[in-house]
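Here's a quick briefing to read alongside the model on your screen.

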Amino acid sequence: MLDNPARKYPAAHIIDYPQRTWPVKRLQAPPRWCSTDLRDGNQALANPMDAQRKLTFFKHLIACGFKEIEVAFPAASEVDFAFVRLLIEENHIPEDVTIQVMTPARPDLIERTIVSLNGASKAIVHVYNATAPIFREMVFQKDKAELIALATAAAKQVRQLCEQSPQTDWTLQYSPETFCFTEADFALEICEAVAQVWGPEPKRPLILNLPTTVEVNTPNVFADQVEHLMRSFSDLKSITISVHPHNDRGTGVATAEMAMLAGAQRVEGCLFGNGERTGNVDLVTLAMNLYTQGVHPQLQFANIRQTVEIVEQCNQLPVHPRHPYGGSLVFTAFSGSHQDAIKKGFAHRARLGSEAWHIPYLPLDPQDVGCSYEEVIRVNSQSGKSGAAWLLQENHGLRLPRALQVDFSQHVQQQTEQTGKEISQAQVWQLFRSLYGVLENRPLSLLHYTSEPRGAEQHVTATLRYGEETLSLQGQGCGLLSALSDGVQKAFDCVLNIMDYQEHTLGPQSSSNAISYIQIASPSSAITHFGVAIETDASKAALQALLNAVADLIRE
Ligand SMILES: CC(=O)SCCNC(=O)CCNC(=O)[C@H](O)C(C)(C)COP(=O)(O)OP(=O)(O)OC[C@H]1O[C@@H](n2cnc3c(N)ncnc32)[C@H](O)[C@@H]1OP(=O)(O)O
Ligand SMILES: CC(C)C(=O)C(=O)O
């Protein structure tokens, strides 16, 4: 056994390209997108898609805005061949969408592939062969010249077959598979040779598609490789440089982004990164990354949960709850300090009335992908005062005073620690109502009251229900609340101070309910007591809130 098993992995070759310009560039426009879900994604599934699943996926890709879709590997299976025929014969391909099909650089397979496209108004024929030394030696046992001959023969064959069907607008796409670990000069040479045979021109375009078939290096190396090829190419007229990143090192998105900085004009990948091994680059993430930098990606994910559902159903694979943008938990904060900052962010935004999105911890407005603000904050034992306060604010319109937020969060904490689980918004509301008396069966209830000013003071007479009893009291004070407080203190033989009182309406109409929050304390104790009441009459809400706080004080 090796003392350092990592020694068996030689470091990947790094291109020496100090002329690079891409590091100082910015992404300012979306690339041409090509979804390979129905080919590269499909070939990685234990149970490849049937025609029905493929068609559902195809239609959704169109709804998302894809204009180029690799729909099949027609020589692979009858299902794939028949699917291409179905798209063409049943007119499923919109005018502005081009389908793409893939074939290895093998004459028999090229022929069948082009037969599958009969009757298409336009099509991309995607031919590939691996070019890296390990493939030349192990897989093909061919030298560089022989591989160039294989690729150019394929390009020639495609051109001849295409010329026999001039009613179709043909594009050739050539992929030097394993480009990322092919010698840069050889990759350039084989691409030049294919271009020479195809003879790209506006009516006969060529796409050179550069894959990280297996990701072996940091994304900057791939960007150097792409920039090197583009700047060294003899003539790129009518040629589009495309990239096809995989994700073996978990850097597929970074690789695609840096390749775009390096000049790549087109990107191939799959929704949520399905594909061989660790997947193809995730086009949803790439697109939304542009979006959150102020660049419209020209793809729509306005109902991202629906996209997730369709992709999961077609691929029969789940999308991870933490998957960027699409995961079910990506807009949710459980932790207290995140919740506090998010809540303040929303309040700040509301105050400014600004369109600009600057909410801490939320790089994207959830509503832009069809998600609601309700899921932004969820509460468990990791949460602080802002979490529960947010749920009450968002779901019931309550704007809790700070001291009440602190008090309530301690009760929530107790409950979540006991259960070890998240507390739902319905449970938060129930707990709040039972703690602060916002329930029908409150222990001390105001049945009736009258008040009148006498000199500088208010006098109040009130009838209360206290448990099973009915009791009357009278009090006086500088206002209605202090008058009732006076009456209560006499009736219950206690002393209390009103520490804080706040109220607000719960709706925009004059008939809307009012809510009152009151905080009291007895001078002999450090403990404060809170009461809350919701009534149509604001004065009654204030008085009942006081009684709810008093009931808590008496209970103690
Ligand atoms: C990186 C990628 O994703 S590339 C796309 C890969 N996708 C797929 O392979 C899915 C569909 N493929 C298939 O259904 C089958 O592999 C088929 C129909 C294409 C071919 O099947 P088979 O004829 O049984 O051949 P097989 O798959 O074993 O291919 C290996 C042969 O093709 C050759 N080959 C492999 N790739 C290429 C290529 N791009 N160009 C030319 N020849 C190639 C190999 O050298 C080997 O030749 P040999 O049999 O003379 O040694
Ligand atoms: C672009 C093709 C050849 C591919 O799927 C790959 O190299 O990963």
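Let's start with ligand 1: S4 and helix H5 (133-140) each put at least two residues into the shell around it. Helices (H or I, at least four residues) and strands (E, at least two) are DSSP runs, numbered from the N terminus. Keep in mind that this is a predicted model: local features need pLDDT of at least 70, side-chain atom pairs count only at pLDDT 80 or more, and totals for chains, interfaces and linings use all residues. Residues are numbered from 1 along each chain as its sequence is written, while chains are lettered from A and ligands numbered from 1 in the order in which they are written.

**The two ligand shells**

- Ligand 1 is surrounded by 16 residues, and the closest are Gln-43, Ala-76, Pro-104, Ala-105 and Asn-129. A residue counts as near a molecule or strand if its C-beta atom, placed from the backbone, lies within 6 Å of it.
- By type, the ligand 1 shell splits into 9 nonpolar, 3 polar and 4 charged residues. Here Ala, Val, Leu, Ile, Met, Phe, Trp, Tyr, Cys and Pro count as nonpolar, Asp, Glu, Lys and Arg as charged, and the others, Gly among them, as polar.
- Around ligand 2 you'll find Asp-40, Tyr-128, Ser-175, Glu-177, Asn-209, Pro-211, Thr-213, His-244 and His-246.
- Strand S5 (169-177) and strand S6 (206-212) each supply at least two residues of the ligand 2 shell, which divides into 2 nonpolar, 5 polar and 2 charged residues.

**The barrel**

- Eight strands make a closed barrel in the order S1-S2-S3-S4-S5-S6-S7-S8, with parallel pairing. Two strands pair if DSSP finds at least two bridges between them.
- Within this sheet, neighbouring strands are turned by 25° against each other on average, direction ignored.
- Strand S3 (residues 98-104) runs parallel to strand S4 (residues 122-130), and 6 bridges join them.
- Helix H6 (residues 144-163) lies across S4 and S5, running at about 165° to S4. Axes are lines fitted to C-alpha atoms, for helices over the stretch in contact, and angles run from 0 to 180 degrees between N-to-C directions.

**The open sheet and a hairpin**

- A separate heading for your eye: the order S9-S10-S11 describes an open sheet of 3 strands with antiparallel pairing. Its edge strands, each pairing on one side only, are strand S9 (444-454) and strand S11 (469-477).
- From one strand to the next, the twist in this sheet averages 15°.
- S9 and strand S10 (residues 457-466) pair over 10 bridges in the antiparallel sense, and Leu-444 stands opposite Tyr-466 in S10.
- Helix H16 (residues 480-492) packs on the sheet and touches S9, S10 and S11, with its direction at about 125° to that of S11. H17 packs on the sheet too, touching S9 and S10, and its direction makes about 125° with that of S9.
- Strand S13 (residues 514-521) and strand S14 (residues 528-535) run antiparallel, joined by 8 bridges. A hairpin through 6 residues links S13 to S14, and Ala-521 has Thr-528 as its bridge partner in S14.

**The nonpolar core**

- The largest nonpolar core has 138 residues, and Val-71, Val-127, Val-226, Ala-259, Leu-546 and Val-550 touch the most other members. Such a core is a set of buried Ala, Val, Leu, Ile, Met, Phe, Trp, Tyr and Cys residues joined through C-beta atoms within 7 Å.
- Helix H17 (residues 538-555) gives the most to this core, with 10 residues.
- Not counting residues up to four places away in sequence, Val-550 touches Leu-444, Val-488, Leu-496 and Ile-520. Contact here puts the C-beta atoms of two residues, placed from the backbone, within 7 Å.

**Loop residues to look at**

- Ser-238 sits in the loop between helix H8 (219-232) and strand S7 (239-245), and its phi is near 60°, a positive value in a residue other than glycine.
- Ser-238 is partly exposed, with 16 other C-beta atoms within 10 Å. The scale is buried for 20 or more other C-beta atoms within 10 Å, exposed for 12 or fewer, and partly exposed in between, with C-beta atoms placed from the backbone.
- Arg-277, in the loop between strand S8 (266-269) and helix H10 (283-291), has a positive phi of about 55° although it is not a glycine. Arg-277 counts as exposed because it has 11 other C-beta atoms within 10 Å.
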